[in-house]
Amino acid sequence: MSLKENLEKLRDNGLQDIANSNEEQVLNDIRVKLLGKKGPITDALKSMKDLSAEERPKIGAIANQIKKELTEAIAKRQVELVQLVIQEKVKKETIDVTLPSRQTKKTGTQHILNQIIEDIEDLFIGLGYQVISGPEVEEDKYNFEKMNIPKDHPARDMQDTFYIDDELLMRTHTSPQQARTMEQHDFSKGPLKMISPGKVYRRDTDDATHSHQFHQIEGLVVDENITMADLKGTLEVLVRHVFGEDRKIRFRPSYFPFTEPSVEVDITCFACGGDGCRICKQTGWIEVLGAGLVHPNVLRNSGIDPEVYSGFAFGVGPDRFAMLKYGVEDIRNFYSNDVRFLEQFKGEEA
Ligand code: DAH
């Protein structure tokens, strides 16, 4: 093979190797091998001294040309390889925006009792009721006397509480809101329809089903011709909303000083549907709240004529609703602020 052919073969193989190189290090090795001091081009240029004077410039020109071509090919490949590295990196670091994010911030949740209370508020707002809040430090007059529980009444025993002084106490129930709203109501503007949720207090020994502080939602409707049928229909809407559409309700006679007649309201068991199970203690029924028709004395005490107006009232315990609905066995869980308990109600929001 002539020197010219040798050089050309060298160039072709060199260009091939350069094109195939896929790392900067490999390309650098190729450069040293082809163009370095001990490389074949240098050798070829050195051996030109043995050529004839006629051939020398021709081969010299070819050798220089090949050297130039190889140098340029290496430089070009060098740029490509740098680009390739960047492209690889970009590909690897592509962000998958559909992946769920790492939870760095913990989001809280509304307390389960507030969830239940707000849900019931929404229901009654939809039925045209006002939502009214009242004072937790209440006057004896409203908490007891106007509710037909005079000073010596035995019903006070069940509702012993924390007294600020003889006439001021932590309210034992939300019923004083009945008197407060009746006093304010102007019947020329329509019937009185209100619910009043809030905290209530009792001097109870704290155990699994009692807490010195708990919640009630008072309900009151006063208008002409309000009957037990109105009460029953309303409570049916309430318990079906909270405990499920198939619930039936029944009234059992009971006693509250501020209602006459008074009833305890039971619903068919939501766990067994009424057949009898552990939750309903084999009876098929669960007691959920107290209610009745507003006692004439209570209407009178707030300046309303019982000959013209009548009303119904009910008292709901959201704590009890939550315990029943979610199978919570200890009421104190609602108040001890253990996040492991509270977190379980994430997403129960209506
Ligand atoms: N205030 C009663 C209690 O705390 C609950 C109650 C029962 C309220 C019957 C009412 C009612 O409005 O009609 O035990």
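## Overall make-up

The protein has 12 helices and 10 strands; these are DSSP runs numbered from the N terminus, helices being H or I of at least four residues and strands E of at least two. This is a predicted model, in which local features need pLDDT of at least 70 and side-chain atom pairs count only at pLDDT 80 or more, while totals for chains, interfaces and linings use all residues. Residues are numbered from 1 along each chain as its sequence is written, and side-chain values use heavy atoms, with hydrogens and water left out.

The C-alpha trace spans about 140 × 45 × 40 Å along its principal axes.

Seven strands form an open sheet with mixed pairing, in the order 1-5-6-10-9-8-7. Two strands pair if DSSP finds at least two bridges between them. Strand 1 (130-131) and strand 7 (249-256) are the edge strands, each pairing on one side only. Strand 9 (residues 285-294) and strand 10 (residues 310-316) are antiparallel and share five bridges; Gly-290 stands opposite Gly-315 in strand 10.

Helix 5 lies across strands 1, 5, 6 and 10, at about 170° to strand 5 (192-201). Helix 11 (residues 318-326) lies across strands 6, 9 and 10, at about 155° to strand 9. Axes are lines fitted to C-alpha atoms, for helices over the stretch in contact, and angles run from 0 to 180 degrees between N-to-C directions.

## Nonpolar cores

The largest nonpolar core has 46 residues, and Leu-235, Leu-289 and Phe-314 are among those with the most contacts inside it. Such a core is a set of buried Ala, Val, Leu, Ile, Met, Phe, Trp, Tyr and Cys residues joined through side-chain atoms within 4.5 Å, buried meaning under 20% relative accessible area (1.4 Å probe, protein chains only). Helix 5 (residues 112-126) gives the most to this core, with seven residues.

Beyond its neighbours within four places in sequence, Leu-289 is in contact (heavy atoms within 4.5 Å) with residues including Leu-238, Val-263 and Phe-321.

Conventions: Buried means under 20% relative accessible area, exposed over 50%, partly exposed in between (1.4 Å probe, protein chains only).
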